[in-house]
Structures are given as C-alpha cells and as structure tokens.
Amino acid sequence: MLPEGRGVANLKGPYKELIEFTGEIIAGVSARGPNGEGYLLIEKGTPAVAQYNENGTDLRGNDAIIFFREQPHLEYTVSSYTESELRTVITHSIRNKWLVDYASLPDEDETALSEDEKLDRILRQPGVIAVSSFYEGFPVNSRGNGDFEHVAAIAEDLLRAGAKISDDLEIGLLEQIILETPEGKCILAPFGDLFLVVLTSTGANLGLIRLAIKGVQ
C-alpha cells in the first residue's frame, strides 16, 4: 500500500511541467490518462520510481518514464512525502521493479537521437530479434540478426499490399501493419522518409514495442 502523503496540487499538463513543479519536494504522484493510470515518485525534480498501465500494458521504470514524456498531457495528483514515506515507496518499488535507472534514460529530446540510436532503442525492447529501416525494398540501416536484404524485399511487398487494401477499403492512409503467427510477429511502420520492419519472437510485448516505435517516428 503506497502512502497518501500530504496533498499539494492537482495538475493537468505534460510531464515536463510536472518535473518543474516538483523541483523542491519529494513527491508521490498519481497519474491518470484516457486509457490508463499510474504512479511516480519524484525526488526534487528527478524521477526515482515510475509505473503506468496503458490498455493492459504494464510499463515500469524507464519504460514508464519514456511513456510519460510522450504524452501531451495527463492528470496528476501531487502529494509531498516524508523521509519515512519515501523509504516505504522505495521498498515497494524494488519488489515491483518500478525503480528508474535515471543514468540510462535516453535524452528527453528524441529528435537529438541518431538513426542508429533509434534503432537500438527498438532492439532493446523484450522479444525484438531484428529491426531495419528500408526504402523501395532495400535495407538502409539494420540491427539484430536477420537476412536484411530478404526481409526488406518481403516487407516492401507487404507494405504495398497493405496500402492497396487500406485504399480499397477506404479506411485512410496506412499507419502500421502487424503480421502475427505462432512463431513471431512482423511490424511495419513509417520512419521519417523510410519504413521500419521489426521482427520479434512470439512472446514479445507488442504494447511496449509499439510505444518504442511511436517514440522514434
């Protein structure tokens, strides 16, 4: 059971404003959005604990912080904690793997990431085997294990078929394709002027991977 603390404020806005607001206090924060809710512990402007459940996908630690950064606004209820309450939260968070490894968090300004760093970020998601950017059926940059020339050629065929189907059905421009079989998943998504193809094992967390893709597009 997390401590309630002393109520300080109710906020609605981007994560960056929450961090600025909590710059001088130890804050326990309940977060709510249209599709989920979560929790943050912020020690004088530095996130120490984070968790968010979005549509059944449970994000913890750094993955949750990346999610918070990407939201245009969420509703936050901020409480201040004593040192004793802080220790209670840390103990709870170690057990639930909510701790944030702040030193390994990527830069908040995603536009500063190189293409290599963006592909590496997707490859780090659990279950991802390979990721490649491609154009007109040819691989441009790739990470992981795979015959990327073959993968890019097949991905191009799938992309063109998907675009024709979405056009025939009059359901708008194609944004993403997910092909799932008992042995794995294949995801196609726009990536700047290129497209991404991501190959995963069967047990990969699709929610986390889609969030990672969204974060680098």
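User: For relative accessible area, buried is under 20%, exposed is over 50% and partly exposed is in between, with a 1.4 Å probe and protein chains only. Where does that put Glu75: buried, exposed or partly exposed?

Analyst: Glu75 counts as partly exposed, because its relative accessibility is 35%. This is a predicted model, in which local features need pLDDT of at least 70 and side-chain atom pairs count only at pLDDT 80 or more, while totals for chains, interfaces and linings use all residues. Residues are numbered from 1 along each chain as its sequence is written, and side-chain values use heavy atoms, with hydrogens and water left out.

User: What does Glu75 form a salt bridge with?

Analyst: The partner is Arg32, with the closest N and O atoms 3.9 Å apart. The two residues sit 43 residues apart in distant parts of the chain, Arg32 in strand S2 and Glu75 in strand S6. A salt bridge here is a side-chain nitrogen of Lys or Arg within 4 Å of a carboxyl oxygen of Asp or Glu. Strands (E, at least two residues) and helices (H or I, at least four) are DSSP runs, numbered from the N terminus.

User: And Arg32, how is that classed?

Analyst: Arg32 is partly exposed, since its relative accessible area is 33%.

User: How many bridges pair S2 and S6?

Analyst: There are 6, in the antiparallel sense, between S2 (residues 26-33) and S6 (residues 74-80). Val29 is opposite Val78 in S6. Two strands pair if DSSP finds at least two bridges between them.

User: What order do the strands of the sheet have?

Analyst: The order is S1-S6-S2-S3-S4-S5, in an open sheet of 6 strands with antiparallel pairing. S1 (6-13) and S5 are the edge strands, each pairing on one side only. From one strand to the next the twist averages 15°.

User: What about S4, is it enclosed or exposed?

Analyst: S4 (residues 46-54) is largely enclosed by the rest of the structure, because 7 of its 9 residues are buried. S4 pairs with S3 (residues 36-43) over 8 antiparallel bridges, and Tyr52 in S4 stands opposite Gly38. S4 also runs antiparallel to S5 (residues 57-60), joined by 4 bridges, with Asn53 partnered by Asp58 in S5.

User: Which residue has a positive phi in the turn between S3 and S4?

Analyst: Lys44, at about 50°, in a hairpin with 2 residues between the strands. In the hairpin of S4 and S5, which also has 2 residues between its strands, Asn55 takes a positive phi near 55°.

User: Which helix lies across S2, S3, S4, S5 and S6?

Analyst: Helix H3 (residues 83-96) does, running at about 125° to S3. Axes are lines fitted to C-alpha atoms, for helices over the stretch in contact, and angles run from 0 to 180 degrees between N-to-C directions. Contact means heavy atoms within 4.5 Å.

User: Back to charges. How many salt bridges does the count come to?

Analyst: The count is 9. One of them joins Arg160 and Glu136, with the closest N and O atoms 3.1 Å apart. Those two lie 24 residues apart, Arg160 in helix H5 (residues 148-168) and Glu136 in the loop between strand S7 (128-135) and strand S8 (138-144). Glu136 is partly exposed, as its relative accessible area is 43%.

User: And what is the partner of Lys185?

Analyst: Glu180, at 3.7 Å between the closest N and O atoms. Lys185 counts as buried at 8% relative accessibility, whereas Glu180 counts as exposed at 52%. Elsewhere, salt bridges that share partners join Asp116, Asp120 and Arg143 into one network.

User: Which residues does Thr200 touch?

Analyst: Leaving out residues up to four places away in sequence, Thr200 touches Gly127, Val128, Ile129, Glu183, Gly184, Lys185 and Ile209. Thr200 is in strand S11 (residues 194-200) and counts as buried because its relative accessibility is 3%.

User: Which residues of helix H6 are buried?

Analyst: In H6 (residues 206-216) they are Leu208, Ile209, Leu211, Ala212, Ile213, Gly215 and Val216. These buried residues pack against S5, helix H2 (62-70), helix H4 (115-123), S7, strand S10 (184-191) and S11.

User: Last one: which residues form the nonpolar patch on the surface?

Analyst: Ile165, Leu169 and Ile171, with about 330 Å² of accessible area together. Ile165 lies in helix H5. Patches use residues with over 30% relative accessible area and no salt bridge, joining like charges within 9 Å and nonpolar side chains (Val, Leu, Ile, Met, Phe, Trp, Tyr) within 5 Å. Accessible areas come from the Shrake-Rupley method with a 1.4 Å probe, and for residues only the protein chains shown count as cover.
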